[in-house]
Amino acid sequence: MAKTSKGQPTDPAPKIHVTQPTMPSAGMDRDGDANAMPSSPMSAPAASGDMPAAVASAGDMPVGTMGEGSGDGVVMPEGTMGEVDADPGTGPERFCPNDVPPGETPPAVFEPGIVEVEFCDTVRPSVVAAPGAAAAPVTSRAGAGLERLNAILASYQLQRAEPTFDVAERQADDVQAAAKPRDASIPNLCSFLTLHFPADVDTRLVARELDQLPDVVRAVALPKAAPPDSPHNEPLVGTSDQVVIDPTTGLENQWYVHRCGVDRAWRHASGQGVVIADIDWGYRTSHQDLATRLDMSRAYNAYDGGTNVGTGGSISHGTAVMGLAGGADNDVGMAGVAYGASLWPVQADSGPGSALPGNPWARAIDWVRTADSGGRRKVIILEVQTGSFGNYEMVPSVNAAIRTAIANGVVVCVAAGNGNRDAGLDDDGNPITATGSILVGATEYHATENRRASFSNYSARVTVAAPGDGSHDLTCSSAADDAFRNGFGGTSGATPKVAGTVALMLEANPSLSHAEIRTILNASGTAVTTDSGKPVGTFLNAEAAVLAAARPTASGPAVAWGSNRLDAFVVGTNSALYHKWWNGSAWGPSVTGYQNMGGTIVGKPKAVAWGPNRLDVFVRGTNSALYHKWWNGSAWGPSVTGYEHMGGVITDDPEVASWGPNRLDLFVIGTNSALYHKWWNGSAWGPSLTGYEAMGGTISGKPRAVAWGPNRLDVFVVGTNSALYHKWWNG
């Protein structure tokens, strides 16, 4: 038999499972009271309504495959959209030190005793258990002689051989035939075996011997699998929004990443294609989490006009800020919020040369505005306050430079200051001319609440607040190239987290205006616990902000509940729901007007009409739970701007269908990527108001559901192998 050329086999499609599901009978409707419908333009600020970050009922979502499903009613647990790591005590070591010299490949690590073999298509290997044999010999369904192969396997004490793909030969042939027009060399899935030997066997030696056989395309010692490079792999990122201290290093985790939803925002963006220019007090440019991230061709010292940004006695400040904003994804330390952005280090407090005339902070802002970014959007972090801890925007030149930069498309984030004072007043108590900047307040660490830090300046013009606890704000330290610190904080620590989020938003939608970014940050955030009269905006929700930035602002469904009747729902730039309708002769509330229906919404709403003069609208809140409101023919329930909390932690937009009057069926995707279902039967939600029926699967994207008649539903989803799957309710 002629030996085929050896090469890396193409990843095959996974096995397709098909099962007929079952679904309990059930149904839906809702009545409620509400107030009259006020008219509001799309630009009007919306109240947050009754959509708090509520806690859903506890429970477990079983992980399923496309062929598995449970008919039991279960409650979706609270959770996040972040990936769940395995027990750190098991599996391959992720964070071992990398002492390999530059240019050399680190030593390979293999699974003990496992070899994978790809045979020629003409072999069709098979494993049939032989009575009394230690391990079944490998045979060929095509009649190929495999004596030499089995002799090698026996010499290395083969324990068992098994098909690598659990697929029938006929199905494998069909898959191969369908793929060959796109790839003529595609292998047959039945041509792969996984071989198991004792753990102390040198599997590379086994693979080399098998690789010489004419019937073998390729044999490899199976390497250990490890997660791909990701900010989640950084040893200091952690997995919790609670402070956790590593007893070995004494360092805390990046709890704020999880509290602010940055870990979930990383699913959508890294800040790539965006510039973050930090105007600060100097940097340790050789730090391991900054050295590869800083664009030193854009280093600028606004004090003396040079390029030395590592001067003076406060390089610890800029080092810490840059780590928070964009520290490297390199698996050796922390991860910055926008780890993919380009970082420009700009120093303004001191320099080795003679001071230039004028204000260096204003000059730094103007330098960033005029510097060539190659078409990339620019985000400024202004890290300075007055000597009495006030808002530095009070300085006229700085104020003007900020406004000019914003007018030229630069996004400017300003630390509000740490004096527990009004950020809208200067040091003499006079009002500061508003710049329109994204003014950032700070919160302190608390296990369950987001409380304004007692030192944070406040004002109605503060857009957003982020963690800035002086004792719990892990970031880069200037003490050494591999040093980190637990404490930084202040509005200095809060501002780079917000600026990093802005970079994520701009990657998702580079056309956003400064005003739109400011509005989205405020509208997508959650409540901050603060003293009366001391507002600091809303608490940063990076995931919600990125999702709001990515979607078109005028997105949503249109439905008709009768002849010559239309109802359209859209999401405004403030992330609230808006509504307009056609009544047969005119648009209400006006041709260009909208009814403000409140809320802070992530993703797109879903609307359905199950009968004349009846509407039901479902949305996903910033806590990833499902919310509902309804029109009963005379009023919105539970109120015009209120929502019914329906629980769960869902990862995409809901889907809803109605197969008859007073009946609704809802389908959502849980955090385990499985399908879940709930229904309204005319008097109650099933299996409960906040509970869901688990329907299994591992699903990519959104479900689609349709009802073509009474008591009939069809649901379509896409599996992880990109194939289409279907399930149905037949009554």
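A crossing of two helices is right-handed if the near helix is turned clockwise from the far one by less than a right angle. In this predicted model, the crossing of α10 and α11 is right-handed. Helix α10 spans residues 514-524 and helix α11 spans residues 542-550. The two pack at an angle of about 135 degrees, and their axes lie 9 Å apart. Helix α10 is therefore oblique to α11. On the α10 side, the contact is made by Ile520, Leu521 and Ser524. Their partners in α11 are Ala544, Ala545, Ala548 and Ala549. By class, this contact comprises 6 nonpolar residues, 1 polar residue and no charged residues. In general, residues three or four places apart in an α-helix point the same way, because the helix has 3.6 residues a turn.

Helix α7 covers residues 360-370. Its buried residues are Pro360, Trp361, Ala362, Arg363, Ala364, Ile365 and Val368. Strands β8 (274-280), β9, β10 (342-347) and β11 (377-382) are among the elements that cover them. Helix α8 (396-407) also contributes to this cover. The N-terminal end of α7 is capped by Asn359. A side-chain oxygen of Asn359 lies 2.8 Å from the backbone nitrogen of Trp361.

Thr311 sits in a loop, between β9 (300-301) and α6 (315-326). Its relative accessible area is 15%. Thr311 therefore counts as buried, the cut-off being under 20%.

Conventions: Residues are numbered from 1 along each chain as its sequence is written. This is a predicted model: local features need pLDDT of at least 70, side-chain atom pairs count only at pLDDT 80 or more; totals for chains, interfaces and linings use all residues. Side-chain values use heavy atoms; hydrogens and water are left out. Axes are lines fitted to C-alpha atoms, for helices over the stretch in contact, and angles run from 0 to 180 degrees between N-to-C directions. Helices (H or I, at least four residues) and strands (E, at least two) are DSSP runs, numbered from the N terminus. Angles under 35 degrees count as roughly parallel, over 145 as roughly antiparallel, 65 to 115 as roughly perpendicular and the rest as oblique. Contact means heavy atoms within 4.5 Å. Ala, Val, Leu, Ile, Met, Phe, Trp, Tyr, Cys and Pro count as nonpolar, Asp, Glu, Lys and Arg as charged, and the others, Gly among them, as polar. Buried means under 20% relative accessible area, exposed over 50%, partly exposed in between (1.4 Å probe, protein chains only). A polar contact is a pair of N or O atoms within 3.5 Å; within protein, one must be able to donate a hydrogen and the other to accept it, and residues adjacent in sequence count only if both atoms are side-chain atoms.
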